[in-house]
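Hi everyone, thanks for coming along. Have a look at the picture on the screen, and I'll walk you through a few places in it.

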Amino acid sequence: MLPINPDDFAKAMEQLNLTPAEIGKALSQPNGFEGLLGRMWSMPSGPKSYSNDFGTMETMVAKLKNAKEAHEREKGMPPFPYDPPSRISLIGAFARERASHTNVEMSGKSTTRHSTVGLEPHVSKGSLADLRPKRTVAVQFGAEDSAGDVVMVSLYNYPGTIGAKIDLLDTLFPLGTVLAIKEPTLKTSAAGGSVPHVRVDCPSDVVRLTSENTLSSRTRWRTGERVPLASEPPRTEEGWKALGNKYFQSGWFTSAAIAYSRGLARTPSSHVLRLNRAMTYLKLGHAGAALSDCNYALAQNGLPPSLRVKALYRKAQALYGLGLWGEAEMAFQATSSEFPSEGVSCTTWTEKCRKRRQENETGSYNWLEMYTASLSKTRRLDVADYKGEIEVVSLPTRGGGRGVIATKDVVAGQLLLVSKAFVSAFPDDCDPPEILLIQNLITMTGQYGCGASLGTKVAERIAGDPGCAQLVYDLYAGPSLPPPPSTYILEQAPPSGVERFLDFDVPVDIARIEAVLSFNAFQPSGLPLPSKKESDHPSALFLLPSLLNHSCNPNAAWVCFGDVMVIRATRDIPKGSEVFISYRPGDASFIKREKSLRHYFDKCTCDLCTLDRVDGEAACKKRDTLEGKISTWNTVAKARQGLQNLEQTYKTKRKHHDSTMTRACFHLALVQQKEGDVMGFFHSAMSALQQAGLVVTDKSVNGALRVDPHLIMDDLPIRKAVPPMMGVMGDTYVQICIAISNAFEDHHGDERRGHRWAKAAAWLHDIRYEGGTDLFEAHLLDPELKGAVPLY
């Protein structure tokens with residue numbers, strides 16, 4: 001037995017509202033102590049809250065190395081006897097944790113939590129035979145086996161637990177739940193605790209056992225067959241329906257699906273339970289499982305009209321959720337025809353089906369509507385995917401062995417791909433919002449954001465649609481795991497039913513999922529606002545976009561509208577040429593780019609990095625240092641000297657400089673404007689555009705307007721030729737043009753020139769984002785943003 005700290009024991013008694021006399025009386029009786037557990041039994045726990053971050057880079061690297069070394073040592077440890085902790089010490093620990101979590105929930109404040117991925121999670125491929133069941137207490141819970149030994153169990157990646165509050169966790173793991181944990185493994189605490197715990201990373205390693213299960217029925221519990229104060233599960237169809245409905249109305253859809261499934265296990269013929277579960281599956285995003293339940297009900301004889309209308313309507317919704325727009329439209333029309341009372345609702349859905357089908361077939365979207373929706377709290381859009389003139393091909397020289405090429409000649413600005421996220425995570429998914437500090441032992445990097453919850457979300461998708469697992473497993477998972485296939489089939493297997501919800505028939509490969517996410521997850525940042533910085537660090541996995549390879553100066557660029565990624569060509573791409581995007585901001589210095597890309601490949605061989613390497617390591621380091629000081633050049637003299645120093649770091653003559661020179665030149669313009677040198681501002685701002693390869697055809701600041709003789713009908717001050725670094729610096733081009741426009745109108749009183757430069761900004765914006773004037777004005781010409789300039 002582990003010793004109990006007297007102070008901890010006193011605190012535990014206080015939390016439980018117990019007196020020494022009650023403890024003594026309970027311990028003197030064979031099963032008396034169990035009667036006291038009801039006050040504490042369903043105590044949830046999870047990642048602990050921290051107010052600090054990773055600290056310095058050196059501190060973060062040291063933490064990562066220590067964590068990985070500790071994990072490697074633990075892997076090599078031989079078996080040794082385990083002395084389970086005492087019940088009182090375990091309950092005392094849970095008492096403190098539950099009180100802490102309750103206080104956090106009641107405060108309503110956002111929390112920052114630590115998590116670690118890449119611990120080589122154990123995945124069992126065995127059966128339930130000969131396993132010893134464990135009775136649960138909570139999500140991070142205390143459990144006892146049939147012999148009465150207790151242990152702490154930490155359950156990760158379990159569907160329905162992201163951001164779950166205490167009340168919800170108590171419904172997922174009610175007192176007395178019996179679980180079979182396949183091949184449990186003891187781990188030491190990442191926080192340095194002395195008591196080992198059973199860490200379960202893979203949700204398919206946990207199986208819920210009911211009284212009908214033979215393994216459960218033949219188990220005899222030393223502490224008694226029933227857990228004191230545990231409520232009896234329903235015994236009737238009506239009882240399971242009432243419980244499921246209660247959970248559904250509370251928004252606890254995972255718990256509701258479990259309840260309806262438990263009821264169906266007892267009464268498989270219940271149409272009410274099946275259709276209620278179909279509605280719950282729709283809420284969880286499991287359209288295939290919902291379709292299966294609806295089809296099963298519709299195939300039965302004697303389905304009353306009150307249930308048939310629900311089955312037809314929910315079937316149509318399921319087809320919509322699967323992206324089968326044509327079939328969904330016909331299903332809604334059939335429902336409306338048979339049940340005219342549903343006509344208005346079905347007509348609305350029919351119109352949505354037609355809109356989705358048009359998006360999918362033509363790539364025609366309402367970009368302003370999507371932009372507005374992306375600013376909402378949920379940030380999840382209802383749009384269809386679209387694949388343009390591209391295809392996935394085998395490219396053995398690439399790290400993942402594949403790439404994406406153009407199947408026809410593509411022009412700059414052409415839409416290539418619109419992709420809904422397979423899974424996505426935003427801080428507002430939790431209430432209060434949560435941000436995670438992630439120690440990734442796969443990439444040996446520290447990450448700040450929502451990415452740690454993506455593994456759980458992938459497991460949730462697989463729980464409701466097992467056929468989709470291969471779509472994730474076939475993505476690149478890094479050099480340490482087997483390579484993916486040379487082809488990629490986006491169409492998944494036909495949807496199947498999920499009769500026993502959260503009983504996984506096939507093991508969930510959480511190790512590969514974590515590796516895939518480590519190399520493929522995107523931060524779905526929206527259209528940049530010059531007066532704001534992205535601060536909430538969302539995270540998402542996109543399937544087809546993950547197949548595109550990287551270039552620091554790509555010929556295509558991506559942006560997200562909420563959980564929807566849009567990829568558009570930023571240069572002309574000949575048929576058969578590979579399409580590239582940038583994994584990291586290409587407008588960073590070579591030193592920063594190389595560091596951020598290191599875990600993807602040894603070195604980037606794009607044209608921009610090749611030119612930087614010619615300049616030499618010393619020059620690149622000096623350039624990186626100077627770039628970090630641009631914002632401190634607060635006088636014209638300092639800005640000019642800084643520009644001169646930067647110029648000297650380029651040993652090769654370039655047709656156009658990189659983004660560092662452009663930013664430095666534009667910074668000089670802003671300093672000149674601040675000091676009242678408007679003419680100097682115009683000259684430096686236009687020079688900044690030319691540094692980046694944009695041809696300025698009218699550099700005049702007064703007098704008659706000048707028109708490009710090559711484009712006599714054009715009314716822009718720039719040549720309508722897409723600049724070579726549009727994929728990297730498109731937003732910078734737009735914002736410099738807006739700054740010039742504002743200066744002409746506000747400081748120079750020249751509305752005509754200001755209008756021309758605003759049109760130039762709108763033209764560049766349309767190449768980058770499409771959406772025309774409406775999106776341009778909504779995005780950048782809001783009165784609150786007028787005059788705003790890029791933030792460095």
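**Helices, a strand and some loops**

Let's begin with a pair of helices: α11 passes α13 in a left-handed crossing. Left-handed here means that the near helix is turned anticlockwise from the far one by less than a right angle, while clockwise would be right-handed. Helices are DSSP runs of H or I with at least four residues, strands are runs of E with at least two, and both are numbered from the N terminus.

Before going on, a word on the source: this is a predicted model, where local features need pLDDT of at least 70 and side-chain atom pairs count only at pLDDT 80 or more, while totals for chains, interfaces and linings use all residues. Residues are numbered from 1 along each chain as its sequence is written, and side-chain values use heavy atoms, with hydrogens and water left out.

Back to our pair. Two packed helices are described by the angle between their axes and the distance between the axes. For α11 (residues 305-321) and α13 (residues 343-362), the axes come within 11 Å and cross at roughly 15 degrees. An axis is a line fitted to C-alpha atoms, for helices over the stretch in contact, and angles run from 0 to 180 degrees between N-to-C directions. So α11 and α13 are roughly parallel to each other; the label covers angles under 35 degrees, with over 145 being roughly antiparallel, 65 to 115 roughly perpendicular and the rest oblique. On the α11 side, the contact (heavy atoms within 4.5 Å) is made by Tyr-313, Gln-317 and Tyr-320, and α13 brings residues including Trp-349 and Arg-356. By class, this contact of α11 with α13 has five nonpolar, two polar and two charged residues. Nonpolar covers Ala, Val, Leu, Ile, Met, Phe, Trp, Tyr, Cys and Pro; charged covers Asp, Glu, Lys and Arg; the others, Gly among them, are polar.

Next pair. Helix α7 (residues 237-249) packs with helix α9 (residues 271-284) at an angle of about 20 degrees, and their axes are 10 Å apart. That makes α7 roughly parallel to α9, and the crossing of α7 and α9 is left-handed. Among the residues making this contact are Trp-240 and Phe-248 of α7, and Leu-273 and Met-279 of α9.

Now to Val-200, in strand β7 (residues 197-200). Is Val-200 buried or exposed? With 4% relative accessibility, Val-200 counts as buried; buried means under 20% relative accessible area, exposed over 50%, and partly exposed in between, using a 1.4 Å probe and protein chains only. Tyr-156 is 44 residues away along the chain, yet its C-alpha atom and that of Val-200 are separated by 6.0 Å.

Asn-157 lies in the loop between β4 (150-155) and α5 (166-172), and at 10% relative accessibility Asn-157 counts as buried. A polar atom of the Asn-157 side chain lies 2.8 Å from the backbone oxygen of Asp-201.

Last stop: phi angles. Most residues other than glycine have a negative phi. Glu-183 is not a glycine, but has a positive phi of about 45 degrees; its place is the loop between β5 (178-181) and β6 (186-187). Glu-770, also not a glycine, has a positive phi of about 60 degrees and is found in the loop between α25 (751-769) and α26 (772-780). At 29% relative accessibility, Glu-770 counts as partly exposed.

Methods
A polar contact is a pair of N or O atoms within 3.5 Å; within protein, one must be able to donate a hydrogen and the other to accept it, and residues adjacent in sequence count only if both atoms are side-chain atoms.
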